[in-house]
Amino acid sequence: MADKINLIIDGKQISVDAGTSILDAAKQNGIYIPTLCHDDIVKVYGACGLCVVEGEGMPKLMRSCSQKAAEGMVINTSSQRVVQARKVALELIMSAHEGDCKAPCSLACPAGTDCQGYVGLIANGEYDEALKLIKEKIPMPASIGRVCPHPCEKACRRGLVEEPINIAGLKAFAADIDLKSENQYIPQMEKETGKKVNIIGGGPAGLTAAYFLRLKGHDVNIYDMMPNMGGMLRYGIPEYRLPKKVVDKEVELIQNLGVKMHNNVKLGKDISIDELRKNSDALVLAVGAWKSSPMRVQGEDSQGVYGGIDFLRNVVLGNKVEIGEKVAVCGGGNTAMDACRTAVRLGAKEVYIIYRRTRNEMPAEDIEIKEAEEEGVVFKFLTNPAEILSKDGKVCGIKLQKMMLGEPDASGRRKPVEIEGEFEEIELDSVIMAIGQKLDSFGLDNIEMTSRNNILADENSFRTNLDGVFAIGDATNKGASIAIEAVGEGGRAAIAIDAYLNGIDINIRKPYYSERNVTAETLKDKEKIAREIVPQLEADERKDNFTEVVKGYSCEQAEKEAKRCLECGCREYFKCKLLNIANLYDIDPDRFAGEKPTNYDGKDANEFIVRNTDKCILCGLCVRSCKEVMNISAIGLLSRGFKTDVSPAFKLPLNETDCNNCGLCVKLCPTGALTERNTMDKQVPLNEKYVDTTCNVCEKNCSITLAYYGNKIIRVIPNDETSRNCHLGREKLIEEVIKLK
Amino acid sequence: MSSKNGIDLSLIQDMVEEYKDIKGSLITILQKTQEVYDYLPEEAIKYISEKTSIPCSEIMGVATFYTQFRFQPVGKYMVMLCQGTACHVNGSKKIMKTINEYLGISDGETTEDGLFSLKCVACLGCCSLSPVMMINDKTYGSLTPEKTREILRQLKEEN
Amino acid sequence: MKIVVGQGSCGIAAGAAKVYDGLNNNLDKSKATLTFSGCVGMCYLEPIVDIYDDDKMTRLVRVSENDVDNICKFAQTKDYSLIENITISKDDEEFLTKQTRIALRKCGIINPEEIDDYIQSDGYTAIEKVLTTMSPEDVIETIKTSGLAGRGGAGFPTWFKWNAARQSQGDEKYLICNADEGDPGAFMDRAVIESDPHNLIEGMIIGAYAIGAKHAVVYVRAEYPLAIKRLQKAIDQATEKGFLGKNICGTEFSCDMKIKAGAGAFVCGEETALIESLEGQRGMPRLKPPFPAQSGYWNKPSNINNVETFANVTWIINNGGEAFAAMGTENSKGTKVFALTGKIKRGGLVEIPMGKTLRDVIYDIGGGIRDNKEFKAVQLGGPSGGCIPAELIDTVIDYKSLGATGAIMGSGGMVVMDESTCMVSMAKFFLDFTAKESCGKCVHCRIGTKRMLEILERITTGKGQENDIELLEELCFAIKDGALCGLGQTAPNPVLTTIKYFRNEYEAHINDKKCPACECAEMLTYSIDKELCKGCTLCAINCPVKAINGSVKTAHEINSEICIKCGKCKEVCKFSAVKLS
């Protein structure tokens with residue numbers, strides 16, 4: 001077939017051999033057309049409908065996998081009609097695709113940390129790899145691991161069985177090992193770009209942005225008003241929860257990358273936005289929220305009334321804070337807990353928490369509440385300060401309005417309402433108001449603010465009203481939140497700023513992920529394994545000092561805990577063609593929500609291959625390759641229509657068929673319906689790397705691909721006919737290859 | 001040649017020999033096998049696979065694709081209720097309900113006494129007599145709930 | 001005297017076999033011969049017995065076993081009063097006299113199991129003419145002149161397909177007849193095979209000669225056992241007489257024919273799926289191109305036509321392409337057979353020239369709507385077709401005009417609906433059908449039709465959501481554009497046409513949670529008309545949830561909170577006192 005065919009694809013004049021499909025013609029010329037059911041190794045099939053293209057003068061869309069290029073064709077691979085057709089096809093596929101692309105823990109993490117990944121790596125004893133994975137999202141994992149209120153654990157499905165995995169504890173575990181080691185992990189840095197970024201604020205948001213921007217090769221300067229970097233991690237979290245030396249070490253690692261740090265520099269006083277804008281290519285505002293919110297009650301200005309974060313900061317700075325023996329802390333959040341437990345440690349004899357709802361509604365971590373109780377803190381639930389009583393301008397007590405719970409409010413929590421005429425008075429020496437924190441807008445004169453007086457920043461691009469000025473963290477939009485939120489914004493902003501510095505305008509959108517709806521009922525057959533308790537100081541040992549309460553896991557404990565992971569996320573996440581293509585189109589499968597297949601019981605597995613037909617999109621690649629390439633037909637299509645299923649005959653398990661574990665089906669599967677075990681004990685979704693090589697085990701010199709993670713070969717993938725039919729058998733082959741390499 | 005489940009494979013031996021080398025005969029072989037056993041026993045499928053060299057997974061793929069094939073023995077009376085358009089318009093849903101209630105079985109099920117099986121089938125082509133059902137090759141048309149009950153009652157009584 | 005008992009499948013279902021057996025046992029064979037025919041298509045009058053005496057034919061209708069005695073006596077006495085009460089009425093005769101029959105011309109007249117009957121009625125003259133006087137090109141030219149188009153539904157010009165297969169390289173070619181009549185409301189093909197199988201065989205041999213095929217296959221639905229039996233008998237007879245097999249009619253041309261029985265899959269009516277099925281595979285459509293004319297059965301050039309298409313061929317050869325083309329409209333030639341069913345007075349097979357209107361068929365031939373109800377819509381083309389509303393009853397029957405309504409000509413299913421038919425429920429019925437029959441290969445059909453069905457299900461059970469109509473429409477267009485084969489591409493038609501013409505019904509279901517036709521059970525309220533209720537207690541006794549209160553001889557009442565809307569009360573009430581709203 002020497003004949004050449006001339007056609008135009010996307011405006012590009014192309015010449016291909018006669019008989020070439022449009023799909024191949026496009027591919028040969030660097031034009032990407034998505035497909036999920038086509039592979040050169042098998043005959044064309046045409047199931048997925050993604051490879052459709054529009055031909056000028058042709059009424060119907062064509063499947064480019066089967067349509068041969070013809071002389072004079074004018075093809076458009078991404079017209080609006082084509083995009084719409086692909087979008088609906090993907091939405092339909094996803095609407096019947098039952099699985100979790102990512103584990104709920106990871107999806108719940110505001111920084112998108114691959115929790116399942118590092119937990120799994122720890123389970124396998126791969127601490128270094130775990131740390132590297134964490135550091136892809138969190139530059140200060142030892143700090144964050146200690147203080148994070150871990151939304152991941154709230155989402156953890158182990159919680160539906162008994163208790164969630166101690167994900168935060170495991171993060172701190174991996175990070176501590178790294179901090180203690182001689183060779184701390186330093187990621188690969190890209191070459192210097194010559195671009196300069198100034199950051200105001202050295203808290204979790206600013207430090208994270210600095211870290212990732214520096215890794216991109218930019219020149220980064222952080223300016224901070226406090227004597228040391230760390231922001232609220234250092235000045236808002238008491239020593240007994242997060243020792244300063246941990247923050248120091250992690251800040252130092254960032255500094256070692258070449259991030260220049262300038263302390264005791266106050267915005268609006270020592271420096272100005274204009275100045276910092278002028279001498280940089282981009283400016284990041286990560287100034288935090290450093291003002292305590294007032295309560296607006298009478299007597300608030302009395303001597304002995306302190307703001308929660310002000311109190312904590314002064315304690316860290318070593319400033320003398322007069323709190324006396326009887327202290328009331330108003331508020332139910334983590335700052336309130338930090339304040340009351342700090343007060344205990346400063347020697348207060350009676351410490352009260354004043355909270356207008358009940359324990360169930362308290363936003364503070366349960367463990368914090370529990371430990372505060374252990375340390376003798378008295379909780380006055382359903383009370384609200386009515387007046388701070390004072391004598392000679394100095395606090396002497398508090399008058400509390402008694403409350404009861406009414407109808408649920410917008411947040412779903414029951415709203416506290418006053419019980420008319422019922423009050424209570426307590427004698428006090430000081431009052432700490434830990435009811436919230438606000439931005440100090442000093443020096444932000446030209447920056448556009450929200451109605452709540454926070455910096456207005458675009459949620460996807462982090463841009464402010466000023467060109468080249470970005471804003472992140474507690475100072476922006478909705479105001480103060482948890483540290484990991486700031487870390488997440490810092491990381492995403494770094495991507496946006498890097499793009500900006502390269503002249504690209506991007507919006508960072510949350511990708512689409514398929515998620516299962518799992519309940520306790522779904523998991524009722526899971527074996528119950530109690531959460532590994534982290535060793536820590538008893539109440540008596542800890543309440544008169546600032547020694548870190550939590551001692552951290554031993555290796556043995558950490559691995560045991562990590563092994564409890566239910567492995568919710570799809571192992572094929574990093575390879576999933578379906579997910580990758582789906583996110584090229586702006587899909588919303590929920591509008592077609594309906595019945596999904598629910599056949600998978602986890603039982604149809606052999607020693608290598610795990611089939612989860614609930615994720616199957618019926619592209620037929622496995623069935624066709626098993627028949628057409630391997631001539632085995634271990635699996636086939638069963639039934640028809642929506643009920644079509646891929647299965648061995650009589651629904652036998654794979655190892656009762658002629659399957660030889662060649663793994664071709666797994667390799668071709670465009671999603672996670674077919675996976676194969678790697679050499680690790682605990683199976684983890686890993687972003688493997690590949691290298692093609694020749695097998696030296698016998699003289700046949702078969703072509704194989706090695707999949708490795710870190711420096712470990714974790715899979716050996718046959719690549720030609722002989723290796724797929726290796727006389728050793730797959731298991732032995734892998735063993736032998738790993739021995740050789 | 002009787003297998004462990006009491007399936008006498010010799011009953012299909014000659015037929016399979018006759019068709020096994022004629023390409024494209026799988027559906028014919030399955031139809032003739034079902035004529036013998038009234039359904040497709042697993043043993044028979046394995047036997048056909050062995051003789052024709054068509055893998056079991058492919059045979060099952062074909063057999064489960066077509067509604068004609070069954071994998072369980074059926075009742076003495078196979079009630080096939082027509083699901084054609086004319087029958088639908090003329091009230092086949094009511095007949096369906098009547099059968100469900102009278103025999104206590106739904107589509108695809110068999111009564112405990114093994115007497116009746118019910119199957120909803122594609123148009124039987126007797127649209128002018130709709131709604132229609134077929135019981136063991138005999139067609140009953142212009143059904144009403146009463147008429148349906150009467151037909152079933154008579155068949156019950158015969159046994 | 002000759003007595004002919006019509007024995008098509010539906011005739012037999014109506015009791016024709018019993019009549020035949022009765023006559024066979026009791027008739028004085030010296031006075032009259034007894035034989036049978038297929039189906040004349042007056043299904044609503046089955047069983048039918050035709051009595052030929054000299055040149056006169058008397059048609060007896062709705063004959064039962066009880067009439068056997070009188071017919072036997074009539075054979076003795078020729079006393080017409082004996083059979084007067086079962087003789088066809090003048091009105092009913094119009095059902096046939098208003099038709100123009102080509103494909104069905106011998107159906108119900110000749111004995112389908114006797115090749116001589118066929119031969120005596122000019123059978124096998126066309127093949128002789130073709131083989132002895134015409135080249136394959138001549139045949140194709142004649143078909144081209146006739147304007148014959150595929151009667152399976154799509155209406156593709158037959159000559160074009162024949163010519164493409166003829167032009168394809170290769171000495172091994174196949175001619176295939178698609179008798180997988182899957183439209184759940186059509187039975188023309190079954191009637192042709194059961195009633196005049198030789199006409200089909202002869203048409204196929206002519207087709208085989210035209211394209212150069214030596215092998216012909218008929219793919220028949222498994223649900224048609226009688227058709228398979230009669231066709232096999234006919235093939236055997238034709239082979240014996242030299243009309244099939246080697247050197248047909250003593251010429252060089254040879255062609256064999258065999259039957260393959262389908263196994264229950266509507267999608268096998270799609271030609272590439274049919275080929276897969278013929279090859280013993282799952283009936284999953286292949287991608288086109290390549291088209292079967294280039295690479296079909298066993299990857300050889302193949303031509304596939306449906307039964308009715310072939311049934312026209314002999315007539316065209318004998319009467320000339322021009323005669324056929326003289327009938328019909330500019331874009332649609334010849335006649336078309338319809339299976340007229342539903343809420344119609346006279347249901348059966350109707351063959352009319354293209355160009356007649358729907359009104360001609362439904363009122364003139366079909367006699368209008370049953371039980372004096374209001375005509376609402378007519379469904380054409382089954383799961384691939386659409387509903388045409390009453391206001392379009394004067395639509396001309398040709399490919400173009402019907403296509404313009406959103407429906408299609410289809411294979412010939414014509415289901416008439418009256419005011420009591422819910423159009424949303426009708427759309428759901430068809431989607432349920434296509435979703436069940438989807439082969440599952442392509443995404444759009446496998447998941448798309450399922451999702452459409454789910455939406456229709458929620459609409460008809462009172463759970464419809466605000467933008468469901470738009471969502472349905474979006475899915476419809478996506479499936480039309482994206483599905484792999486004709487089954488999927490046309491599956492949205494019943495929904496699109498009902499939305500187009502009966503959008504208000506959809507809206508009533510979604511917005512008002514009401515089914516205007518009172519068909520969707522979940523949305524109905526049952527009540528008892530106090531005026532009509534005689535207090536017989538039958539409803540209360542039969543109510544499975546004891547939702548009906550009332551004592552003997554007083555009007556009963558239904559407690560709507562307990563009522564599960566099963567309809568039992570309405571079914572048992574002898575006074576029509578149970579009302580729906």
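**Notebook: chain B, then selected sites in chains A and C**

I began with chain B, whose secondary structure comes to seven helices and four strands. I took helices (H or I, at least four residues) and strands (E, at least two) as DSSP runs, numbered from the N terminus. This is a predicted model, in which local features need pLDDT of at least 70 and side-chain atom pairs count only at pLDDT 80 or more, while totals for chains, interfaces and linings use all residues. Residues are numbered from 1 along each chain as its sequence is written, chains are lettered from A and ligands numbered from 1 in the order in which they are written, and side-chain values use heavy atoms, with hydrogens and water left out.

**Chain B overall**

I read the order of elements along the sequence as α-α-α-α-β-α-α-β-β-β-α. Along the principal axes, the C-alpha atoms of chain B fill a box of roughly 50 × 30 × 20 Å. I looked up burial next (buried means under 20% relative accessible area, exposed over 50%, partly exposed in between; 1.4 Å probe, protein chains only). Of the 159 residues of chain B, 55% count as buried. For contacts (heavy atoms within 4.5 Å), I considered pairs at least 6 apart in the sequence of chain B, and 59% of these join residues at least 24 apart.

**Charged patches**

I used patches made of residues with over 30% relative accessible area and no salt bridge, with like charges joined within 9 Å and nonpolar side chains (Val, Leu, Ile, Met, Phe, Trp, Tyr) within 5 Å. A salt bridge is a side-chain nitrogen of Lys or Arg within 4 Å of a carboxyl oxygen of Asp or Glu. Lys and Arg count as positive and Asp and Glu as negative, with His and the chain ends not counted; the charge is placed at NZ of Lys, CZ of Arg, CG of Asp or CD of Glu. Accessible areas come from the Shrake-Rupley method with a 1.4 Å probe, and for residues only the protein chains shown count as cover.

I found a positive surface patch formed by Lys94(B), Lys373(C), Lys570(C) and Lys579(C). Lys570(C) sits in helix H23 (residues 568-572) of chain C and is partly exposed at 40% relative accessibility. In chain A, a negative surface patch gathers Glu538(A), Asp540(A), Glu541(A) and Asp544(A). Glu541(A) belongs to helix H18 (residues 539-542) and is partly exposed, at 41%.

**Buried sites**

I then turned to Glu365(A), in the loop between strand S13 (350-355) and helix H16 (366-374). Glu365(A) is buried, with a relative accessible area of 12%. Leaving out residues up to four places away in sequence, Glu365(A) touches Pro149(A), His150(A), Lys154(A) and Asn334(A). In H16(A), I noted Glu368(A), Ile369(A), Glu371(A) and Ala372(A) as buried. The buried residues of H16(A) pack against helix H15 (334-345), strand S14 (378-381) and H18 of chain A.

In chain C, Ile176(C) lies in strand S5 (residues 174-179) and is buried at 0% relative accessibility. Beyond four places in sequence, the residues that Ile176(C) touches include Val217(C), Leu274(C), Tyr297(C) and Phe310(C).

**Backbone geometry**

I checked the loop between helix H12 (271-278) and strand S8 (302-306) of chain C, which holds Pro289(C). A cis peptide bond joins Lys288(C) and Pro289(C), with omega about -5°. The bond from Pro289(C) to Pro290(C) is also cis, with omega near 0°. Trp298(C) lies in the loop between H12 and S8 and has a positive phi near 50°. Most residues other than glycine have a negative phi, and most peptide bonds are trans.
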